[in-house]
Amino acid sequence: MEFLSYLKDDFAAEGAGSVLVEFSYPHITGDVQNLDGINETLQEEIWVVEEYVASSYAPYLSEGEEFVFEGECYVTYMSEDILSVIYVEYGYLDGSFMESYVVSYNVDMEMGIVLNNTHLLAVDDGFSVDFRERCKLQNGEIEELEYMSDQEITYYLTDNDYLIVFYTPLGMEVGFNYYEGWVTVTYKDYEKYQEKF
């Protein structure tokens, strides 16, 4: 596996300001089933970000304003069976922080498929109550979560647009993106929550 760089800065024609999208992304090599398909899926996050930036920022920047969106890619777990990759993404307007996200991908290396994150864990309101308690123990009080109902947390944990889930040597990180940022909790005992097929 290698990491490649991606840079796009030709959004200027769409608005008065300037936009820069800069990413690192993984490129898997070797004898892996569906290798091209996996690599294409892992790179799709860049195109999603480009479309988002082009529609949400580029047309609205004033003369001289600059919006920068950066994505750093990390491999959090790699074995013969599973590969977990995350993008940690940040957006800045004229150097001031605007937004941040974590996007996770999990690959079944034996089957050669990128897994659907919402199918990895069985999440219900009971899971969300447990998540809230674990989050307080691990991360301290997060004000935004205090205002969320258990049902709202369940919604975030069951929607691919918000859900964060990836393997690490310590277990599984589970969490979600929300308006003010993102949060994850380490589940060493994740196997008891795994979806049964």
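Predicted model: local features only at pLDDT ≥ 70, side-chain atom pairs only at ≥ 80, totals over all residues.
**Exercise 1.** Determine how strand S4 is joined to strand S5, and what lies between the two strands.

*Solution.* Begin with the boundaries: S4 covers residues 82-93 and S5 covers residues 96-108. The two strands run antiparallel and are joined by twelve bridges.

**Exercise 2.** Identify how strand S3 is connected and paired to S4.

*Solution.* Follow the chain: a hairpin of three residues leads from S3 to S4. Then examine the pairing: S3 and S4 run antiparallel, with eleven bridges between them. Among the residue pairs, Cys73 has Tyr87 of S4 as its bridge partner.

**Exercise 3.** Place the strands in the sheet and explain which of them have a side without a neighbour.

*Solution.* First, write the order: the open sheet of six strands reads S1-S2-S3-S4-S5-S6, with mixed pairing. Strands S1 (2-8) and S6 (113-114) are at the edges, and each has a single partner strand, so one side of each lacks a neighbour in the sheet.

**Exercise 4.** Is S4 mostly covered or uncovered, and which helix lies across it?

*Solution.* Take burial as under 20% relative accessible area. By that criterion nine of the twelve residues of S4 are buried, and the strand is mostly covered. Helix H1 (residues 35-56) lies across S1, S2, S3, S4, S5 and S6, and runs at about 170° to S2.

Definitions and conventions
Residues numbered from 1 in each chain as written. Heavy atoms only, no water. Pairing = 2+ DSSP bridges. Helix = DSSP H or I, 4+ residues; strand = E, 2+ residues; numbered from the N terminus. Contact = heavy atoms within 4.5 Å. Axes fitted to C-alpha atoms, helices over the stretch in contact; angles between N-to-C directions. Buried < 20%, exposed > 50% of the residue type's maximum accessible area, 1.4 Å probe, protein only.
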